[in-house]
Each structure stands twice: as C-alpha cells, then as structure tokens.
Amino acid sequence: MTLLTYLRRKLGLTGTKLGCAEGGCGACTVMVSRYQTHTQQLLHYAVNACLAPLCSLHLVAVTTVEGIGSVARKLHPVQERIARAHGSQCGFCTPGIVMSMYALLRNNPTPKMADVEEAFQGNLCRCTGYRPILEGYKTFTGGCCGGKGRENGCCMANGNGAEKTTPLFTATDFAPFDPTQEVIFPPELMVNTHTPKHKHSELELIHDLNHMGAVLKEMVKTLPPHQNEVFLAVLEQLRWFAGLQIRNVAAVGGNIMTASPISDLNPVFMAAGCKLTLMDKGTHTHTHIHLCDIPGICFLLRSEFTDKTTTLRPQEVLLSIEIPYSKKNQFVSAFKQSPRREDDISIVTAAMSVTITPGTDVVEDLGLSYGGMAATTVLAKKTASRLLGRRWGEGLLEEACSSLAEEMTLDPSAPGGMVTYRQTLTLSLFYKFYLMVLQKLRIYQVTTLTTGFTVPALASRCVSVTCVLQAVPEGRSQDDAVGRPMMHLSALKQATGEAVYCDDVPLYENELYLALVTSSKAHANILSIDSSAAEQMPGVTVIARHQVRLSDQSGDSDSLMSRLVTFLFSVQVTCVGHIIGAVVADTQLHAQRAAKAVRIQYEELPAVVTIQEAIAAQSFYQPIRTIQKGDLEVGFKQADHILEGEMHIGGQEHFYLETNVTLAVPRGEDGEMEVFASTQSASKTQSLVAKALGVPANRVVVRVKRMGGGFGGKESRTTVLSTVVAVAANKLKRPVRCMLDRDEDMLITGGRHPFYGKYKVGFLNSGKVVALDVSYYSNTGNSMDLSLSVLERALFHMENSYSVANVRGRGYLCRTNLPSNTAFRGFGGPQGMMVTESWMNDVAQSLGKPSEEVRRLNLYVEGELTPYNQILDQFTLDRCWDECLSRSVYQERRAAVDLYNRQNRWTKRGLAIVPTKFGISFTAAGALAHIYTDGSVLLTHGGTEMGQGLHTKMVQVASRVLGIPCSKIHISETSTNTVPNTSPTAASASSDLNGAAVQNACETLMKRLEPYKTKNPKGTWEDWVTYFDRVNLSANGFYKTPDLGYDFDSNSGRAFNYFSYGVACSEVEIDCLTGAHRNLSTTIVMDVGHSLNPAIDIGQVEGAFMQGLGLFTLEELHYSPQGVLLTRGPGSYKIPAFGDIPTQLTVSLLRDAPNDKAIFASKAVGEPPLFLAASVFYAIKDAISAARVESGISGPFRLDSPASAERIRNACSDRFTKLCPPAEPGTFRPWSVQV
C-alpha cells in the first residue's frame, strides 16, 4: 500500500491528491521527517506519496497539507500567500505545491529565489501559468535582485512608472512567517536506530541523490579545481535529474542497477571509469567492475557483457561506487537533452572525458559515453581509439564527427523514435565538448581558439514580471466588488486541502469500485471475452458484458450527444481504449487487477490512424464545410506572387490535474440516481445517464462541486465514464465510484484535434494578401463528438486578424481509428489561426520583408467584413498592436536580436509579434437566487467551477446588483435540480451568460425589495429583507444571447456575438546544436473589456498562454502505426513547468475598451489568449531562419507544430545534420507516426 492510499482511504486525509501515480506531477507531495541519531539532526524532505510504500516510513513523521493549517483554525503563511497572490485556480495541484514550499522552509527559512524554483521542479500546474505562485512565494525570499536590476526589468516593478495601477495583492497584509512556531517532531520517534558500519570509516553513507549532491558540492569547495571535473559533471546531471521529490528518495545504486538506456548518471560513471563493487549475499565475496572496461551497463540478469565474470547474478548486490578524482589535464563534461529542461527523461545523454598530454594539445586518453543510442548506455570505443594521439583541433573534429556518425547509428524503427535527431545529437554534443576543451586549453595557453566560436549556452534566468491592470474608477463604493482583484473564493480552502473534489467525497458504507476493460486494438471484431480468471479474483462483484445502447432513441433531438457513445459494451472496437466492459469490485485495487485479467480475442481489421491515411482512403465524416467570399480566380490573377505550403499541428492532451471521476449513488426508489461527477456539462450528463438507465431525466440529479481542471476535456467525454458507472450502480443497487488513472484517462478520452493545413496564397509586392485558398483536415477519431463544431470554428478563424478580399476555406473531418478527439480550450480556433500565421510568415520571408510589417499591413480595420460576412465593430486590435509594440520596445529589441545573431554562431535569437481575433458565441444560461431572512444569499447558476473563477465572478455580479458585500453571498455547487437544462461551461462565454442570468435574477429580487428600501431609505439590507409581508425572496434568472445564427449555404448570418482581441510579442533563444530553447520575454496586451476581476482575468491570460506554449513548443502525443498512444503520463508527455515561463513577462489589460454586448462591459477571457503563444513559435522560427542563413539557406521553410527540440535542431541545417541523413520514408516502420 502506498502512503497516498493510506492517507486518503484509511485516514480520510483527502488534501493530498492523486494526479498521476508515477511521481510526475507533484499533486501528492507531503513532507516526511526523520531523526538521524548519528548526527542528531532532523531531516525534512518532500516526497511523492503516490510512490512511497507505507512500509518504508518506519520511525518517520509525515506532515500533510491539513497538518500545517486550516481555514477553520489558522492558516500557515505558505497557504495564505499562494491563495492571496492568486496562485490557486482549480486548486488540485495547490496542496502539493504548498507542501513543496513548506518542506523548503523547514530546511531553509530564508531561501533564495533559485531555491524556490528548484523546490518546484517536481510540481506541475495546468491552470495558473505559474507566475502568481512564484510571485506569492517570492515574499519569503525578499526578492531576487532587491531592485538592482530595474534598468533591465525587475520583478519588483509593476507596470510603467507613469501609470497608476492597482496591485494584485499587498504583501504587507500577509501574516508574518515565524520559523520557530512550526510543528515539533514527535519525541517518541527520536529513538536509537542501527547505523550501518562501514569498512572504511572515513566514507559517508549516501542516502539519496540529493545527499550525494550535497557531499560532492562540499568536496568541490575544498579540492583543487583540477580534481573536480568528474564531480562537476555528476552535479550537472543531478541538477536536472527528475524532480526534487524523486531526488530526495532515489539512490544512486538504484539508478545504476535499473540500467536505463537513457540514464542521466551512468554515462558519467562510464566515461570517468568509475568502479562498482558487488557483493555476493551468500559468500560475501566482492567483485569489482571498472565501467570503462565494459561495452554497456546491463539490465539485472540480462548480460550485455562479453566477460561473463562481470554479469550481475541474482544473489549479487551493488555495495558501492567509486567516483575517481580527475587528473591534471583531464577535462570532463556531461550533457542531457530532453524535451523539457525540468523533471524530464532524456532523449540523449552523454559524458565525455579527455586527458591531454601535459604541455601539448595531444589526446592521451578519451572516453565518450552515450545514453539513448542503444538498449544500454554505451561507449564509443572505436571513435575514441581513432582519436588517441591526435591534436585537439579541426582535423580531430572532422574525424570524430565522421566516426561517430558511423559508430552511433540507430535502426530507423528504434524505440523512442527521433532517430535522425538522436544521431545528430551525438555529433552536436561532441562538438560542444570539443569547444569546451579548446577554451580550457586556451586558458592553459596550450593552444589558441582558432574557430572563433564560443560554447553555446542558453541565457540564465531571473524572472521579471509586470502586470498592468485597469484602475478602479475613483469614487466607486468599496462594497462594489466588480473590477477589483478579488481572491478566488475557494483559494484558501484549496491551499489547506479542505476544498472537496469528487473523489474526496467520503466512502459510502457499501460502496463498490469500477474498473474499465478497454480494447488493445485500433479496429477489430471481438471474437470472445474470457472473464473466468477475473471472476475468481478477490473482491469481484460483477463483470458487465451486456449491451447498453444509447443511440437507439428514434427522433432524438439531441443527436449530437447521442453519438458520443455508440454503445458501451460492443462487439466491434474502433480504437485502442474503446470501452468493452467493466469490472466492479470492493476496492480499486481488486477491480483493476480483475479488469487486467479479462482475456479478449480479436479479429483485426484494417485501421486508419493518420490524417494522410484518411485522405488516401477518403475516410471522411460528412459534411465537408466551405466558406467562400470574393473571387479566387480574380484574386490570384491580381497577385504579383503566389506561394503554396502546408503545416501539421499536433494534438494536445488536456492534462487536467484531476482525472475523470464519477460517483453514482442509487436513491432506492422510482429509479432515482444521484451522480457526483467532475464534468463541465451537468445537464448532458443527466440526459445521457437517464437514457442509459431508461428513466426520465427528472430521476437523475447530477452534482458538481468543483473540478480539478477541465479545459474542454470534461465537456462531453466525461459521459463515457459517468454512464458506465451509473449503469453499474443501478444494476447492483449500491454506490459505485471510478476515478480513471492518468494513463487510462489519456488513452480513453481524446484531446485536441490534430490538424493538417494546405494553403495557396496570392500577394502583392507590398506584402498585401489578395487571395487565399486553404484546406483544413482534422483528425476526428472514431466518433463525431464535437468535431464538426471544432472544424467550423477553425474555418471561422482561417484569416485570423487579416483582411483578405478573396478567400475560400474548406474543412474535412477525417474518420480514423483513434479515440474521439473533443473540445479543448480554443476549440479549433488555434489550429485555424496557426495555419494563417504560417502563410503570413511565408509571405514575409519570400519578399524579404520584416514579418511585423507584413502583418500590420494586412490587419483588419474597423467596419471591414470577415469571410463569413460579419462586420467588425468596436474594433480594438489596432490599439492592442500599437500598445504591444510600445510595451515590448519592439524596434530596439529587433536591433538587439539582429546584433546578437551576428555575434553568435551556435545560439540564435528570434522575435515575433502575433495578433489574435477570437469570436465569442454561445447560447443561454439560467440562475437561481435565494435570500434568507438573516440577509444571507444563496446563489446558484448553470455554470461549473473548474478553476476559472466563475463562481467568484458571479458573486461579484450579484454583489453589485444587490448592493451587498460578497461575504453575504454563497455558491454551494452546480446541480441539475436547481438550474435545469444548462449549457456546458465552455466557449469562454460562461461569465457572459451566467452573469447576465444572475443579474436578471438579482434585479428581480431588487424590484421586489424596492418598496421596503423606499419606505426605509436609511435601513440596512437586513431591514429590507422581510418575509413578514410574504415577499418572494427567491427568483430565477435567464439569459439568451440575441441574434445568433449562421448559415453555411448562403454565407450569411451572425456567427459571433462579439470578438476578443489580443497581441503578443515574444523573444526566444535557441541552441542550434541541440534544439533547446529558452523563452526570454513575452509582452501581452489583451482586450478583456472592463474586467470583472483583473486578478482572475490576468490569471486566465497567463494560464491560457502557458497552455498554448505547451501546444506550440513542447507537448507531443506519440502514436504507434497501430494506433496505440505511447505517451500516457507525465513521464512521457510533458506540459510546461515552472522553468518554462518567459524570463520577462508583461501582461497588460487594454484600458478604456468597454464591450456593450456582455455583462458590465466585460469580455470573455478563457480561450482567446491561448493562441498568443504562437508568438513564441514564430520567434523560434525566426531564430531558426537566422541559423539557416549561416548555412547559406534562405526563404520560407516548413516547421510543424509543436516546435520541439527535435524539429528545431533538424531545421537548423548544418555540417552535422548532413552527416546524419534520415532514412527514406516507406523503407521502415516508424516507432511513432504523425497522426
């Protein structure tokens, strides 16, 4: 049993969350404390409770988030500051982040900012964008530069000095932090324990990797520099080894013995010639192994050695590792290249050691070790032997590269893919080492640096943040909360672990647990299902095999949602992860074990996996959508130039920290069912559950307290789980619960649609675009879901913010054998606009004009028509553009970037400015308000809270209309028995719709109370709220967006209620040798109308931007050619981390831009900012262009999204990439395919 299971299920301490069950997200972080008797010191360290076996905690004190403070009792400063700094949105990750910070403060009460960032290497947040978390916790450090860096931008600044801004929070209001008042370590655990004896008493027993790092750092401080080369290489790898929670418990011996082919440390140990000592448990005899003498570190009991005496036998254990001092004239370096810098597994690791003959530049000894290039860590022995006796110069470099290209080869089908990139990295990393050694030899005056190049290293970080808010008008009442940066209403509860999520609902006495049985084939007929073994397993109650069809209701007006689940228990599967059945047992462990024991025989059928395969097979859903305006033929004749291009945009996993979860509770009479679900769409869940159970919708109540993130992923796909759980609960007449594991959730629920775009664009010599013909292909998956609407929005955004007179856009829904893709923040808009910016960039490059000049030339102006014939009014994009140019100091930045690129060969900087125009439209919403006789107000509306602050904004709206403080208003939950027939909380319009409905309900109440206010004008709210006259103190509210409706056939109507606008400018720096990049700066100007809550809106802008940053630069879903998702968890699928925030980040809300089409002149903010992260993508492309110029290559080039390290490196074509040509397509079966 893990510590997490014990805490949540045995002790009922649900503040510690389950996010991934593999130690990759940090949601389960707790602090463990242990007393060291031999040093008489207390050790406090953060660990992942999901990985910690309960049996490993003997004599250990465990502190959870509940143990350090609570709302009811007293908040700890760590909890208060993350909440009041607006660093908690959905809150599911918050307890883990709180405990990481708390553990740091217990060890170091006055940390530096670098310590804080290191403490969070093992924590992820999908909502906030990380900035407010760091800002809140910066108050424990006193600031990173003390204001000394103001001329270069400082974290202590808040906007332009000439502007009057309202701070997001006031640090002086925080409770002081007193480290002497912490919980004491239990004295009963301070007992004498056996301390292992060492044969060599001067040696220190190393407990974990952090301990090893601390020991090595102390040695580096005391030893002569020439003896520290190996130690420094080990420390460099430890710096980026997993997250802090893992390093706190992982041992170096375990890392060696797992013998991972992509180990971070083993290449250093091999290159440095470290010595392992093994001991036979039976005979106690010792065996010594010098790692530089073997071809590769092997897996336990799997010999890769040529010498049998070095094979690890079952009875042998690793006793010690001896890391040698480096010698004079020995130079050692270690490298790690991974998709994400923090807490990520390697693509390729390397360690290199060279010993130079004293007084010369001749190679005496050389060790080159690589991970990620074979099934084990390997030495490049052939190359090393060829270079012995050679002078360290250009000739050696040439021979080394050609030799490594021959020796370090990979099969084109090698696991992990990225074959060309990995081969190129072996050369690139050696070149880095070559330059490092040259520099050191120059220092020793042995040689001169003749290449003219310095070792490429990305810029260091010191995060600077500026937020420019809209000022609250003078004279506004303090009771009017609208427009003020009010804290998220649940933030304090989320920071203390007291906020209740669906799986935190206490276990019912007779509750059962459900586990799904899913398909392992992409397309197949099911021949047989053998559940006999599962039925005999402990705790199993039932295995469901009967069919429950949901799409047989004839004449069902809700046909779209009916197609979501064609049937639960099927005879044919159409994707890997297709639900075949379910097992119900007494515990989660028993249910999951039994589900895995179900044996299924298949008859495989041909599968379509990729968009290209769908195009070839003409595998499309209908209809094919077209939007056309103007005359294409005339437009292309008018053009001075015509270019064609294409682009692929990869999919994206929602990675909400709380996976899909449902608890269904039968109520025992009339077929009633109560469903607790983490869903954005309570009414659709109610409808489908009712259909599955064969009862009217009025027998089903769906309740949503809050979600741990949604992002569109819980709009429709949650019903796949909730219907199955409800059917099981109904059949057994007992409560049934299911929370999907992270890998299950990623496998089953789908994500953002991958898109492929083809375009033909005509333009004038000036850069003005006059004709556009674009086609979009969306990988829909195995059902339509919401894909038609997603594709339509992509078409509605095919011109982004640019006016094109003659345009045609066509959209195709590719029917494939992947899990059905679904809604995701932006809903097709980002994919449509990404293709737009690709051809806009191509136009600028083909003309040799600055991209910002061409973009500005083509921007819409007030009153112009879109391709779907909607007039642009209240147009603010030009204001956003000009303000962004000004705030980013664009022209000075461009000059600085160009200068930098002229001075540096192997690192390049890029700059881009990108606009967005995002249409807002959704249907209707309802609200219900009760006033009680004590003056308190209970408010309910149709929207759900998933971290976006919707409940907080609704309380602010009600506060203004009722004229009472927010403290008198409470929202409990969203439920279908209070506000019926609600729209899903989606499309960024929930504040617009529900806010107007809340306003309507509250205005109704105020009209009823008006006579009492008139009669007693000096009375209080409590005086006016009377029930003695039998005044109805309950009111419904309703709102419907007026005049919406668009017809594709006639290209007429009003597709959107209004548009949100924004512009972002980003600067990046790329390492041309590895493809790594650093986000240097981003300036965002966003039109949110008159903000209802600037703190929440800025949080939404930053969170959306960081999610877009992941979409366009980092996050990759890998599928096998057979349609199997290979990236199923944070270990293999990487979302942005704390270290991915731009070093300088400025977010400005456009001022004086009221919107008369939404509540209190506000605008939607959830989705529109996401696309602004494309500015980072095109800044990367700008930097790549500068690198290609160095190789004599110019003009447009294709760069697919995301701009991963692999794509960046391969696009920077140079002497090293030419030595590693890719295999011919069709000559091999790739490990993964571009779906």
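Strand S13, which covers residues 524-530, pairs with S17 in the antiparallel sense over six bridges, where two strands are said to pair if DSSP finds at least two bridges between them. Strands (E, at least two residues) and helices (H or I, at least four residues) are DSSP runs, numbered from the N terminus. Within this pairing, Ala 524 has Glu 604 in S17 as its bridge partner. The two strands belong to an open sheet of three strands with the order S15-S13-S17 and antiparallel pairing. Strand S15 (572-573) and strand S17 (599-604) are the edge strands, each of which pairs on one side only.

## Basis and confidence of the model

This is a predicted model, in which local features need pLDDT of at least 70 and side-chain atom pairs count only at pLDDT 80 or more, whereas totals for chains, interfaces and linings use all residues. Residues are numbered from 1 along each chain as its sequence is written, and side-chain values use heavy atoms, with hydrogens and water left out.

The mean pLDDT (the predictor's confidence in each residue, from 0 to 100) of the protein is 91, and 92% of its residues reach 70 or more. Over residues 144-162, however, pLDDT stays under 50, and the model has 32 contacts for this stretch beyond four places in sequence, a contact being heavy atoms within 4.5 Å. Residues 548-568 also have pLDDT below 50, with 44 contacts in the model beyond near neighbours in sequence.

## Two pairs of helices

Two packed helices are described by the angle between their axes and the distance between the axes. Axes are lines fitted to C-alpha atoms, for helices over the stretch in contact, and angles run from 0 to 180 degrees between N-to-C directions. The axes of helix H2 (residues 77-84) and helix H3 (residues 94-107) come within 9 Å and cross at roughly 130°. That angle makes H2 oblique to H3; angles under 35 degrees count as roughly parallel, over 145 as roughly antiparallel, 65 to 115 as roughly perpendicular and the rest as oblique. In this contact, Val 78, Gln 79 and Ile 82 of H2 meet residues of H3 including Ile 97, Met 101 and Leu 105. The residues of the contact divide into seven nonpolar, two polar and no charged, where Ala, Val, Leu, Ile, Met, Phe, Trp, Tyr, Cys and Pro count as nonpolar, Asp, Glu, Lys and Arg as charged, and the others, Gly among them, as polar.

Helix H20 (residues 682-693) and helix H21 (residues 718-732) pack at an angle of about 40°, with their axes 9 Å apart, and are therefore oblique to each other. The contact of H20 with H21 has six nonpolar, six polar and one charged residue.

Another open sheet has five strands in the order S11-S37-S36-S35-S27, with mixed pairing, and its edge strands are S11 (464-468) and S27 (907-920). S27 is joined by 14 bridges to strand S35 (residues 1058-1071), and the two run antiparallel; Arg 909 has Glu 1069 in S35 as its bridge partner. Helix H27 (residues 890-903) packs on the sheet, touching S27, S35, strand S36 (1077-1086) and strand S37 (1144-1149), and its direction makes about 145° with that of S27.

## Backbone details

A cis peptide bond, with omega about 5°, joins Gln 622 and Pro 623, and Pro 623 lies in strand S18 (residues 620-629).
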